[in-house]
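Subject: Structure handover

Hello,

Here is the structure we talked about. Please open it alongside this email.

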Amino acid sequence: MQNQNPRLIEALSQLDQLTNWEQRPRGEMRVGLEPILDLSARLGNPHRAFRSIHVAGTKGKSSTCALIEAGLRHAGISVGRYASPHVEHISERISVNGRPVEEGVLAEALFLALDALRAARAEATAAEAATWFDLLTAAGFLIFRDVGIEWAVVETGLGGRLDSTNIVDSDVSVITNIGLEHTEILGRTRAAIAFEKAGIIKPHSAVVTPLEAEDEAGAVIAKRAAEVDARLIRPDFSGLKTIAERNVAVAGAALDVLGEGGVTAREGRAVGGWLIDRDAERESQLPGRLERFTVPVAGRRVCVMLDGAHVPFNLEAVLDDLSGMHGFSGRGIAVVALAADKDAAGLLDVIGRYGVSPIFTSVSNRFRSPAELQALAGEIGLASEVIEDPQAAYRRALERAAASGTWVILTGSLYLAGLLRERVIGEAR
């Protein structure tokens, strides 16, 4: 989806001249939050104008945020959601009462942030080192302040402790799970990664996580909570089988905490997990996360799943869920693109164990080459195809699925999902 607003095109052009860690290799954590704090101060500290729930975790952050947002909207509370990355359009990152921000509104907020950056450069203060994500975060918080939202649901970009979003003084933090991802930045053990993510827990607040104290990552979170006198809440996952069910449990627990703290719905009832009903679940469906379609091909109907899973344990959970869904039983065909910093061997092991046949493709030079992925697949005896063009790879997957009566998943990258999503929607019935 292309940006249409000329002002937004110009703002993004200026923004793209800044360091964007989402678009380049990164081997170290930023040093501190001074650039975003200085930038925010120059803009009037908009992050102090609303209350917030802050969400971190290896996977499930976006869906959990969307569920909390939907619950608060159903309570009649004005709510904003700040998320990353986007799949099709940058406005997906900043939602106001369940709707992506208007392009013109985003443009003007970005120009204010860019003005603050120029002033910091002229005065040689900390914000002169502000990044692409710093400015977008500041713009998002400006928008939330100016439209008068009461609560913001804020998703971390990377890690937590030193993430730009960690300037919010959240009432509740959520840590969905901990897996090995961005190990070159966050640490090479789950405990080290948990330390970074637990950095979002604020003193005298509450933290929701399903991770048990006996778990190495859960122990780190519990230690941080105790150090800052934060209440630790663990939702009960017993009997919950799917990703969606577990996300609902975590989001519901966060809403329960708000209700216990005196936050009420429009009718005076305490907010809580009861707000996440079928309508809220449907409204919180995000692009590229467990999206199901049926595409007609050569007289057959092929079931297609879009999910940007790029961490082995998450892809395994996705494939587990698929095995219980109508149209997704048996072996499948995966169109796979994988960024260079992801655990390719681990992901391919999962694909092989689930009997999925991969077609490797790529979406940019930041991604592993399809030939390299095919070589890795060959080492574990996994037969595969290489088709460099994602559109052609998707077409090949559909043709093979129609011929063999199987299904297709597009996975390994939200960027791949975004690239192909519009086409899938256009062809689906």
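Below are the notes on what was found in it.

First, the ground rules. This is a predicted model: local features need pLDDT of at least 70, side-chain atom pairs count only at pLDDT 80 or more, and totals for chains, interfaces and linings use all residues. Residues are numbered from 1 along each chain as its sequence is written, and side-chain values use heavy atoms, with hydrogens and water left out.

Strand β2

Strand β2 covers residues 79-82. Strands (E, at least two residues) and helices (H or I, at least four) are DSSP runs, numbered from the N terminus. Val 79 and Arg 81 point one way, Gly 80 and Tyr 82 the other. All are buried, meaning under 20% relative accessible area with a 1.4 Å probe, protein chains only; over 50% is exposed, and in between is partly exposed.

β2 has two partners here; strands pair if DSSP finds at least two bridges between them. It runs parallel to β5 (residues 151-155), joined by four bridges. With β3 (residues 94-96), the pairing is antiparallel, over three bridges. Tyr 82 stands opposite Val 154 in β5 and opposite Ile 94 in β3.

Tyr 82 also touches Thr 137, where contact means heavy atoms within 4.5 Å. Thr 137 sits in helix α5 (residues 132-147) and is buried, at 0% relative accessible area. Ser 164 and Thr 165 touch Thr 137 too.

Aromatic rings

There are six aromatic pairs. Rings of Phe, Tyr and Trp (its six-membered ring) pair if their centres lie within 6.5 Å; planes under 30 degrees apart are stacked, over 60 edge-to-face, the rest tilted.

Backbone points

Check the bond between Ser 84 and Pro 85. It is a cis peptide, with omega about -10 degrees. Pro 85 is in the loop between β2 and β3. His 204 is not a glycine, yet has a positive phi of about 60 degrees. His 204 lies in the loop between α7 (190-198) and β7 (206-208) and is exposed, at 64%.

Best wishes

Note on methods: Lists of a residue's contacts leave out its neighbours within four places in sequence.
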